[in-house]
Number of protein chains: 2
Amino acid sequence: MTHASASFLPPVAIDPDSGMPMYQQLSDWFRRAILDGHLRPGQRVPSTRHLAGELNISRIPVLSAYDQLLAEGYLETFTGSGTCVARAIPSGAPGGRRLRSASNGESVGAARRIARRAAQLHGPEQTWLDSLGAFRVGMPALDRFPTAIWARLVNRHARQLTVEQMSYADPAGHGPLREAIATYLGASRAVRCDASQVLITTGSQQALQICAHVLLDAGDRVWMEDPGYPGAHQAFRTAGAQMVPVPVDGDGIDVEEGMRRARGARAVYISPSHQFPLGTTMTASRRMQLLSWAERDDAWIIEDDYDSEYRFGGKPVASLQGLDTAGRVIYLGTFSKVMYPSLRVGYMVVPKDLVPAFHAGRDAIDTFSSTLFQLAMTDFIREGHFARHIRTMRALYRERRVALIQAIDRWMGGRLEVIGADAGMQLVGLLPEDVDDIAVSREAAGHGVSVRPLSPCYLGTPSRSGLILGYGGVTPAQIDEGVRRLSLCF
Amino acid sequence: MTHASASFLPPVAIDPDSGMPMYQQLSDWFRRAILDGHLRPGQRVPSTRHLAGELNISRIPVLSAYDQLLAEGYLETFTGSGTCVARAIPSGAPGGRRLRSASNGESVGAARRIARRAAQLHGPEQTWLDSLGAFRVGMPALDRFPTAIWARLVNRHARQLTVEQMSYADPAGHGPLREAIATYLGASRAVRCDASQVLITTGSQQALQICAHVLLDAGDRVWMEDPGYPGAHQAFRTAGAQMVPVPVDGDGIDVEEGMRRARGARAVYISPSHQFPLGTTMTASRRMQLLSWAERDDAWIIEDDYDSEYRFGGKPVASLQGLDTAGRVIYLGTFSKVMYPSLRVGYMVVPKDLVPAFHAGRDAIDTFSSTLFQLAMTDFIREGHFARHIRTMRALYRERRVALIQAIDRWMGGRLEVIGADAGMQLVGLLPEDVDDIAVSREAAGHGVSVRPLSPCYLGTPSRSGLILGYGGVTPAQIDEGVRRLSLCF
């Protein structure tokens, strides 16, 4: 923290006689200055000592105000590098942003006040999500889904729904489905649990929401893989948690750097099997390091094991949950990628002593999941369709992955460096340093190609520019044509 | 605030040399004292001025600490009557409560830290919810649901799901369903909206969560009907909002009392068509009064119009949303009561300028609702099954309501005073003042009768004791037998 930064501050207006507590005047002033753009994202703010001295007031209200602003996500802090305006705050003045009418495009005279946390959320509409073709991320080979079998199972239960099955149900989910999932996870992911620890959700986004609300209070700190999964950013933002970006290297999340940045964090969010977006598989030693940190510092590990069904290179890696002897891991999974996204069924596995709290959280968030699909899903697993479909898809995605890597070799002339292709349904192509990935994605969308830029996945300053390419839902011919078109975009 | 109350405080331990900010030491001390039971729910705490004087410190850290504790829900305040320990805090020490293993009943050595807001949630398991028989609240006549028609529609779409229908979809919901709902609400509830304002949810609980997170930041105040809907309490608690109980009288929520208790509240939650649980219908003049308060004070009205399909006495009452000229109302509805609870499809109608913020909130909370049921529901409405089913059920519930009132006359000998029977699928029987409604509910559960006690619906001190009786899912014969058994319970 240098002296100079303070001089960049616009004059701080506080009035000791206003009757409003000093700390509140201060936090209001900062919030306004940030929203109005007088303080820019990433800009350092004076130390509490320095600001108190300058304003000739006690340091306590300044500390309170900073604490409040940190909790609300207006400021962020890194150990040893001072406090600065959060980089994640949209520059377009969230608290006072102008909202447009969706139906007729009229803007309302003045924007009306909604929650600050809501104003920080990104809208769901993004150019690179529009197309269903190459290379939409997270899209399985839906044309290969056994729709006839699935429809038969759904119909079987729809025709004979009992009064009990139509009623309000257990927030934890349908018992036999929880049994089937516990067995599947034990066998295929080395997850150690019984059915009582399994909780059915509407997908991983809801599981993230439940974790955020059950484990964290507003202002609590959580380590986030950086770059990381934007859906997780949204969930923790909604809960008012303070996200601490922690870099990911070739071994997974950098645990030591996490401890340097926020030792006393309450939780960490990770995707160790196939990191989103970089595709890194977390090494065993990093896993052990993370587990001992969590145990020692009384922190929770939220393990998002999405995409773990498909692994092509190296040995299958057991889940972190299976290594955990201290009950520190909450394990998340979804059927969106293995079945189909609009099914909206996922699951989580929670430590035994947290089961009641998670049930209460699930109940508060949306009561319980639709029963009919849970019944059909139970049969789908029990009758072997699930395992068979995964096997078929694994072979298919292996082919598509090879096709994508070959197409990149063929069309890109070394301008796209492939990483993270050992597992899942997507890989990352790193761009040359001077190329703007958002601009490339926009350009590609114009050519009918959907690629997701890497840089918006960063909470902190993006350190790499790249494109995330999903290959699950595209045939080898579409892959080749998609890469050819993409090669024209930069 | 009397001087006396301060003397009840255990000695406050703060250390000016500890390096920890004074306000934080204070709030930690209060939190601990509340959780450990040294300060009891409802107990007054000293005024900030008084406590600062007693501790010989500045008033500012005391103000900050109280503000923090209010925001977290440990303290609550009523204009003119000082600040006291929140009544909603479970006496069993939430932050440090002992959690039991669900599978084997072992308790973990020491309870582990989860979010304070989560520790304040009630578990979903309650005795009076166990039975599906008389008089389970919120349970429609499921045996009269046109299952065959519904299964045919579900099957129609399940067999021919397109790749697009299996993919990630609009967080706002399926366009044609939103159109159908807008038309239905316009015609039957005088809701003024177009499809762009309709948002599909997984039910009213999720709609409440979205409202809480989009409209309120942690610590923001919201008026709650008292007694009111416990599901709403859960949602606002999760969001960290500060709930201000506002009494309900024969005209609906007491707007003037609300203004006295918390003039600057950010929002109000109401169920004006058939108040939960009392069954009051809000009068037109109260509606206008509430709308002008909201407009004047920049507040939002969350109108939960559950149960509005069935009205037996008096004229149908238009929705508050339809009277609102300032775009202040967020309107919530659900298909759980008209279709069946385990369907998990509901909807909300939001002011035009808030559409983008609500879409972002919906996306953050669980992405979007399952597509298949939305397709089937669209057909169910369009092909006239929905309107027909409502008509049939209205006649049926009218009969059942009469049967219940007659059975109460017959068996109760005046010990149960019926109120709120003009609409919906439930009514309230007020108990004599000295009868404990929770004890009666437990006793009734032992006799196979499910009645929901009134007193847990209060946020503040319960002013009435009573039983909520759902009659939707029970035949006249079951009703008579249920009331007979119930008459033996007190």
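What share of the contacts in chain A with a separation of 6 or more comes from residues 24 or more positions apart? In this predicted model, such residues account for 72% of those contacts. Chain A has 18 helices and 14 strands, and buried residues make up 62% of its 490 residues. The accessible surface of chain A comes to about 17300 Å², with 50% of that surface belonging to carbon and sulfur atoms.

The contact between the two chains draws 100 residues from chain A and 100 residues from chain B. On the side of chain A, the residues that lose the most area to chain B are A:Arg112, A:Met166 and A:Tyr168, which together give 10% of what that side buries. The table lists values for this interface.

| Feature of chain A with chain B | Value |
|---|---|
| Buried area | about 8100 Å² |
| Share of buried area on carbon and sulfur atoms | 59% |
| Salt bridges | 4 salt bridges |
| Polar contacts | 45 residue pairs |

Helix H14 of chain A (residues 355–366) supplies the largest share of the side that touches chain B, namely 10 residues. A:Arg112 also joins B:Asp353 in a salt bridge between side chains, at 2.8 Å from N to O.

Beyond its neighbours within four places in sequence, B:Trp150 is in contact with several residues, including B:Phe145, B:Met339 and B:Phe380. B:Phe145 is also touched by B:His389, as are B:Arg144, B:Pro146 and B:Val338. B:His389 lies in helix H16 of chain B (residues 385–412), and it counts as buried because its relative accessible area is 5%, where the cut-off is under 20%.

How values were computed. Residues numbered from 1 in each chain as written. Chains lettered and ligands numbered in written order. Predicted model: local features only at pLDDT ≥ 70, side-chain atom pairs only at ≥ 80, totals over all residues. Heavy atoms only, no water. Contact = heavy atoms within 4.5 Å. Helix = DSSP H or I, 4+ residues; strand = E, 2+ residues; numbered from the N terminus. Buried < 20%, exposed > 50% of the residue type's maximum accessible area, 1.4 Å probe, protein only. Areas by Shrake-Rupley, 256 points an atom, 1.4 Å probe, with all protein chains shown as cover. Buried area = accessible area lost by both parts, 1.4 Å probe. Polar contact = N/O pair within 3.5 Å; in protein donor to acceptor, adjacent residues only side chain to side chain.
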